[in-house]
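Please open the structure in your viewer and keep the selection panel at hand. The tour moves from one selection to the next and says what is found at each stop.

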Number of protein chains: 2
Amino acid sequence: VQVTEIPTPAPVVDRVALEANLSTMAAARPGAALRPHVKAHKCTELARRQAAHGHLTFTCATPREVLGMAAAGLGDDLLLANEVLDPARLRALARCDARVTVAVDSEATTAAAARAGIAEVVIDVNVGLPRCGCEPAAAGRLADLARRAGLTVRGVMGYEGHLMMVEPRTERKVKVDAAMDLLVEAHRLVGGDVVSAGGTGTYDLHDRVTDVQAGSYALMDSQYQRLGMPFRQALTVIGTVIAAPGDWLVADVGLKALAMDHGNPTITAASAWFFSDEHVTFAPDADGPLAASRAGDRVRVVPAHVDPTLALHERLYVVEGDAVVDTWPIDLRGW
Amino acid sequence: VQVTEIPTPAPVVDRVALEANLSTMAAARPGAALRPHVKAHKCTELARRQAAHGHLTFTCATPREVLGMAAAGLGDDLLLANEVLDPARLRALARCDARVTVAVDSEATTAAAARAGIAEVVIDVNVGLPRCGCEPAAAGRLADLARRAGLTVRGVMGYEGHLMMVEPRTERKVKVDAAMDLLVEAHRLVGGDVVSAGGTGTYDLHDRVTDVQAGSYALMDSQYQRLGMPFRQALTVIGTVIAAPGDWLVADVGLKALAMDHGNPTITAASAWFFSDEHVTFAPDADGPLAASRAGDRVRVVPAHVDPTLALHERLYVVEGDAVVDTWPIDLRGW
């Protein structure tokens, strides 16, 4: 099967670029020093490639991601880096065939985890992003509460999501260090073996954590590309030109195939004018490779934000050059 | 089952508001004068409610929407208001148990339809939106080409999508009239019984078309609400407050549960600070109903754009007050 035979719109991953990204990261943060975040791809087959590169511990954002990884036999050590109160979902996590650790950041989330029979937790600490996470000074008290409730406290996590895009890199490093001062202080109060933090934007700025929760590095997007990282754009969303009326072209890749939260996706050698539910209207550069495009031609769109883009699709096509070499279900979608 | 027992995040439709919207539209454009666009909800059970209000003809944006409507027994007259070149999908449309009409706007799309055995087409005409659609003056020639290829040409369609949000209404009316001058001229050249156009923003501004392709009116979103239309906000996405650390609250409704292409969704009596993959961070108004919210409470988010938001979810919960009275699969997702 050739790329031109894939029903569009569809996400396509370049196997060579993906493997290069996985190798680069595995060299920088080998084995358990990386805890790949599956929310970036929601695909157990891609997680299996990460495992083949030596990473057997994973980060998840939703109960369904945890259960899907467990069902795929990738449940050696799954961290649900998110707070959950739903008793039914917590009970399913407690029962599943995997080592599951859940983040807690309050009395309510700790009590819910204990009641559902969850065995292990980490204390989620606010290191500057106004989202989940307890105050660093409150982490020790919360860990005590968890232990009294029968939970094993494995350590701490803290996500410095507000720093991923800080430029220049030197300033990002200074700010990450300050955020990690908070996490290290919380860890002193909590104890345990785990100090988990970070993401693709800060993966090489951490020297005091046990593992980094990077996910986007595998496939990449135009947002992270701007940071000049050593990861290649492995993912595009492929579309078919369905109209070529004159000054512009129209392809069948729209708002339902591309996440728009980080602004417009991009098309190499073209200007994307606007996106509709099922269309992109774009103008090819006059002397570029798309200038002679006609109805039926394929076009590749680079997503601005990889995580929510993949979540829109049912399967990921793996290509080498123009050949489709594999099709991977995006099987961790939903909650 | 109560609303508080729905696993979150989840889209919730207020049955009374939905039925009011369907009644209001059916009074304004009864029966075949409305061709409800299923892309707005991707839900055959909701389409069944539209049929119960007298609309037996529908508009679709993707082959899968057509095939799903046909399989649900709602295939009396399905217009695929979009261009398709994929031979396998066109053949499936030609074979399915429904009356299917496909939009064509070029020699390429016309030839693809004819080759696949499609029986009926409409000529898609550009009425000012730079997307698909042929020039009005070229519509007659394209209709001749289609007829020579053995296709029945039912008439014309033209979507004035660039005018949906024009304010004030008087200016919108003037511009819609000018766009419809183009469509009527194309219809004169093409012939046939169908002149299809419009959407929720212009549903009551058409006096020269046979049917209006409105979809958003059933569920509504914050974008269309700004036009002061007689339709109620029937859809919200419900989340659970998972953290209440102090100045802000965090709920489990993020970028993967809400489309962001029309800006941030809104929360009544609160300010939404930012959305992450699985979270919204928001500040409740000091003296509003959310001021005392705690972990475990439910919160309702109003989508900015209904169509791509529904496409993110597997099912739609129907509620009356606090009771869940039905659950409808969102079964027309994908392509």
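Predicted model: local features only at pLDDT ≥ 70, side-chain atom pairs only at ≥ 80, totals over all residues.

Residues are numbered from 1 along each chain as its sequence is written, chains are lettered from A and ligands numbered from 1 in the order in which they are written, and side-chain values use heavy atoms, with hydrogens and water left out.

**Stop one: the sheet of chain A**

In what order do the strands of the open sheet of chain A lie? The seven strands follow the order β2-β3-β4-β5-β6-β7-β8, with parallel pairing, and two strands are said to pair if DSSP finds at least two bridges between them. Now select β2 (57-60) and β8 (211-212) of chain A, which stand at the edges with a single partner strand each, so that one side of each is left without a neighbour in the sheet.

**Stop two: a pair of helices in chain A**

Two packed helices are described by the angle between their axes and the distance between the axes. Select helix α6 (residues 139-148) of chain A together with helix α7 (residues 169-190) of chain A, which pack at an angle of about 35° with their axes 8 Å apart. The crossing of α6(A) and α7(A) is right-handed, a term used if the near helix is turned clockwise from the far one by less than a right angle. Showing side chains here, you will find Ala139(A), Gly140(A), Ala143(A) and Arg147(A) of α6(A) meeting Ala186(A), Leu189(A) and Val190(A) of α7(A).

**Stop three: backbone details**

Most residues other than glycine have a negative phi, and most peptide bonds are trans. Go to the segment before β1 (10-14) of chain A, where Pro9(A) lies, and look at the peptide bond from Thr8(A) to Pro9(A), which is cis, with omega near -5°. Then move to the loop between α1 (15-28) and α2 (44-52) of chain A, the place of Lys42(A), whose phi is near 55°, a positive value in a residue other than glycine. In chain B, select the loop between β6 (152-158) and α7, which holds Pro168(B); the peptide bond from Glu167(B) to Pro168(B) is cis, with omega near 0°.

**Stop four: the two chains together**

Show both chains, and consider how chain A is superposed on chain B: a rotation of 180° with 0.0 Å of shift along its axis does this, with an RMSD of 0.0 Å. That is the relation of a two-fold axis, and the superposition is by least squares on the C-alpha atoms of residues with pLDDT of at least 70 in both copies. Select Met260(A), the residue of chain A that comes closest to the rotation axis, at 2.9 Å (C-alpha).

Finally, select the contact itself, which takes 52 residues from chain A and 52 residues from chain B. Chain A and chain B bury about 3900 Å² between them, 61% of it on carbon and sulfur atoms, where buried area is the accessible area (1.4 Å probe) that two parts lose on being put together, summed over both. On the side of chain A, Arg131(A), Lys256(A) and Trp335(A) lose the most area to chain B, together 19% of what that side buries. Because 100% of the interface residues of chain A are also interface residues in chain B, the copies meet through the same surface.

Methods. Axes fitted to C-alpha atoms, helices over the stretch in contact; angles between N-to-C directions. Helix = DSSP H or I, 4+ residues; strand = E, 2+ residues; numbered from the N terminus. Contact = heavy atoms within 4.5 Å.
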